[in-house]
Amino acid sequence: MKVICYAAMESPQCSPHTVNRPAAMLKALDKTVIEHNLLACGEAEEYIVFVGFEADKIIEKLGDEFNGVKVRFITASTNWNDCLTEVERSLFDTRQVLLFKCDSIYSKEDMQMLAADRNARLTCEGKEANAFSFDPAEVSISDDFQKCLRPVEVQDYCLPLRYPWNYLEANVELVRRLKGREIKGEIEDNVVIKGDVHIAEGTLIKSGTYIEGPVFIDSGCTVGPFAYIRKDTVLGKGVQAGRMEIYDSVLMDGFTSKHISYAAHSVLGENCNFGAGTITADYRHDGGNHTTLIENKKFDTGRRKLGAFIGDNVKTGIGTLIYPGRKLWPGTSSLPGEVIKKDRFNS
């Protein structure tokens, strides 16, 4: 079986986290989306990865071989339909293909079920999950091949990454699946740890910190002293979280906040720096759903709790307050005492 991963697309609706990386390169817990998906596929003859937008990032991550399987990269259109023609050209004498779009995270159970079910397509609650298994000798990809494939409903999970809060929700789903406790880092005295908590090697949890799982903390982090890490939180590699309160949030690799600050229901990008007193608001006084702008149109997120979505290398001034659902593009900043009421884009 050959595994074909379509990772060439841009994902503007998931901005700001996909402004400077393809969705396939977003990290969920300690692995990128493309790593999760390739590992979920099981044994394969070859991985064929279609790249386009920010292709170098994917090529550098996977290299010539991943998980003991040869990787072949093909530069393709960022348009899915245009790419299907290129997919057909790459099949040669292949008798079984597992094809998926890398803008969702698929479970091992579902991908291997799909691979074993010849000429099938994965669906989630009746909607296409963008993963397909077929024999090119029986199904021509040049036709509307999806209609020729039998629908198979997701049994475990399929986590779409269409909007920035979906990325948060995907991490929450995965951290909730980490049962038990695994503590490999250094824990100082007077630290309280409750529930399912995973702390990687090389991380330091300083005195007075309170952690209530499920929580995942990657390697090289420093947390505390007197930090409060609440449930459904994921800290990436090298995060420096001083006297922070964090709830239901993803802090991506290299995020830094060495002073008192608060983040909830938020995604904070790589190598960001929160100035002292930075706070993300997350609840409307009327208790209604939050709206946010997606491609310049107001969009109902369906969420009553929603924080901030902050791109890479953002710096906030001391005392910055951020309205719910606001997005800051990579490299932007705020002034001391500023209240951010609107999305902030690169100049």
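**Before you start.** The model is predicted, so to speak of local features a pLDDT of at least 70 is needed, side-chain atom pairs count only at pLDDT 80 or more, and totals for chains, interfaces and linings use all residues. Residues are numbered from 1 along each chain as its sequence is written, and side-chain values use heavy atoms, with hydrogens and water left out.

**Stop 1: salt bridges.** Select the charged side chains to begin. The structure holds 22 salt bridges, each defined as a side-chain nitrogen of Lys or Arg within 4 Å of a carboxyl oxygen of Asp or Glu. Side chains of opposite charge can pair when their charged atoms come close.

Pick E46 and R72, whose side chains meet in a salt bridge at 2.9 Å, N to O. The pair links distant parts of the chain, 26 residues apart: E46 sits in strand β4 (residues 46-51) and R72 in strand β6 (residues 69-75). Strands (E, at least two residues) and helices (H or I, at least four) are DSSP runs, numbered from the N terminus. E46 is buried at 8% relative accessible area, while R72 is partly exposed at 22%. Here buried means under 20% relative accessible area, exposed over 50%, and partly exposed in between (1.4 Å probe, protein chains only).

Next, select E270 and R21, a salt bridge with its closest N and O atoms 3.4 Å apart. These two are 249 residues apart, with E270 in the loop between β28 (267-268) and β29 (273-274) and R21 in the loop between β1 (2-7) and β2 (27-28). E270 is partly exposed at 24% relative accessibility, whereas R21 is buried at 5%.

**Stop 2: I294 and P12.** Go to strand β31 (residues 291-294), where I294 lies. I294 counts as buried, at 8% relative accessibility. Select P12 as well: the C-alpha atoms of I294 and P12 are separated by 8.6 Å, although the residues are 282 apart along the chain.

**Stop 3: a nonpolar patch.** Show the surface and select I279, L321, Y323 and V339, which make a nonpolar surface patch of about 300 Å². Patches are made of residues with over 30% relative accessible area and no salt bridge, with like charges joined within 9 Å and nonpolar side chains (Val, Leu, Ile, Met, Phe, Trp, Tyr) within 5 Å. Areas come from the Shrake-Rupley method with a 1.4 Å probe; for residues, only the protein chains shown count as cover. L321 is found in strand β35 (residues 321-322) and is partly exposed, at 37%.

**Stop 4: the largest pocket.** The largest pocket has a volume of about 770 Å³. Of its 26 lining residues, select S104, P160, L161, R162 and N166, the closest to its centre. β10 (127-134) gives the largest share of the lining, 4 residues.

On a 1 Å grid over the protein atoms alone, a pocket is an open set of points with protein on both sides within 12 Å along at least five of seven lines, a cavity is a set where a 1.4 Å probe fits but cannot get out, and lining residues have an atom within 4 Å of a point. Points are joined across faces, edges and corners, and a volume is the space filled by probe spheres set on them.

**Stop 5: the cavity.** Finish with the largest cavity, of about 80 Å³. Among its 14 lining residues, K27, L29, Y167, M252 and D253 lie nearest its centre.
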